[in-house]
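Hello,

Here is the structure I promised to pass on. Please have a look before you read my notes.

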Amino acid sequence: MKNILIIDDEVNVGLLLSKFLTRNGFNVATATSGATAAELLKNNTYNLVLCDFRLEDTDGREILKKIKAEYPETGVIIITGYSDIKMAVELIKMGAYDYITKPLYPDEILTTINKAIETQKALTEDTHAATAAITTAEPRTSSKKTVASDDFVIGTSRASKDLVHQIELVAPTMYSVILIGESGTGKESVAKSIHLHSNRADKPFIAMDCGSLTKELAGSEFFGHEKGSFTGALNTKIGHFELANGGTLFLDEIANLSYDIQAALLRTLQERKVRRIGGTKEIDLDVRIVVATNENLQEAIRNGKFREDLYHRFNEFSINLPPLRERGKDILLLAEHFLALANEELGRNVSRFSPEVIESLLNYRWQGNVRELKNVIRRAALLTEGEEVQTKALPLEIYNNSRPTAAEPVYDNGVKEARHDLKNAAMEAEYETILRVLREVNFNKTKAAEILNIDRKTLYNKMKANNLDK
């Protein structure tokens, strides 16, 4: 069993990492200061040290120097914030194997640790040779490392810590889970995190958006069909239950399913068997179910829109996801994460937010939650020419709670000019109308389509065209 030492003065970070790595077969010790770490290093042998760059009594540079001088067979990975990335690269040149940026992602951590241990094992016992070999390891940029995982982002707010605790509690069980929260709060990311922390992590995770299903297609999507079983069934189709067999099936917007599909779904869950439409063979199922809703399912039961027996089948454990406006400074962690993603996508090097932008992000209400924040940061990265995001790159509503109409005039040297030509004005007006309606109905796409007097498919296409489906 490989021995790992975690050095981080944030007790919760050390605890979460320790639990995660222990579950993955490592022997883990933790220290909250450089002094404690020094004692542990003196009395124990470690294959790898994960060290936070900023500690109360020292820093990652000093820890690394000590390890390279006194324990050359021990690898070092630096844990750092985005503001410390340049220093992290310098530490790699000094002998650290790699760095991991906060917020931390389980699969990224595990991959980096395994590679670090393999590399360290291959090095010679000569300290100089070991240092030279590690120095030549190619450093990775923070944006690439962030892109490597789209899983749940661990925040520092009380709401986020409570959420992480619930995920850790329920993930190792076989319980079905209901995720309850406003649209855009990251329910699919939480579902993935539950899957990755379970003993099904190496099995399929299949996500299904029930809000986009028509009544006619729902049965085929869930259960599959045999070739020729109905008009248009030109080929055999494997349903989502079969695809997820052995793993986890995530059903988003579960409240939008028709009553008869709910009945068929209940039978499948009770019998743990599925039969394709038009088929005769029953297939045994071993699928964990995680569902999500932004509606009050108990109210839907009272209104006769949702089956009570199906609700209880799902509700073995429920998790309420906090809206972004209740997550405090997690907003900045997420903003930095999305900025790194945007840099990778756009080939940019935008590294920070101005103080005014930070204040605006923290003060805004974020009715669209994490999804809205992601879109705002992607837009800001596109509009930013230098390294720092300024307020002019934000939508007006973010920093003054108002947004001009598409045809609002502006003044330049006393001359009144049209803000947009007619084509762009129409496009912006459509964007504003769709976004406003989506917010009014908490991003329930079925309700939004009804209010906009368009079919759901048209709404999905317009959302995709306007980058509102991210």
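Below are my notes on its sheets, salt bridges and surface.

This is a predicted model, in which local features need pLDDT of at least 70, side-chain atom pairs count only at pLDDT 80 or more, and totals for chains, interfaces and linings use all residues. Residues are numbered from 1 along each chain as its sequence is written, and side-chain values use heavy atoms, with hydrogens and water left out.

**Sheets.** Helices (H or I, at least four residues) and strands (E, at least two) are DSSP runs, numbered from the N terminus. Two strands pair if DSSP finds at least two bridges between them.

Strand 3 (residues 48-52) pairs with strand 4 (residues 75-80) over 5 parallel bridges. There, V49 stands opposite V76.

Strand 6 (residues 177-180) pairs in the parallel sense with strand 13 (residues 288-293) over 4 bridges. V177 has V290 as its bridge partner. Strand 6 also runs parallel to strand 14 (residues 317-320), again joined by 4 bridges. L179 stands opposite I319.

**Salt bridges.** The structure holds 16. Each is a side-chain nitrogen of Lys or Arg within 4 Å of a carboxyl oxygen of Asp or Glu. R325 and E182 form one, with the closest N and O atoms 2.5 Å apart. This pair links distant parts of the chain, 143 residues apart. D286 and R200 also meet at 2.5 Å, N to O. They are 86 residues apart. D286 is partly exposed at 40% relative accessible area, whereas R200 is buried at 5%. Buried means under 20%, exposed over 50%, partly exposed in between (1.4 Å probe, protein chains only). E226, E242 and R276 are linked in a network of salt bridges.

Best wishes
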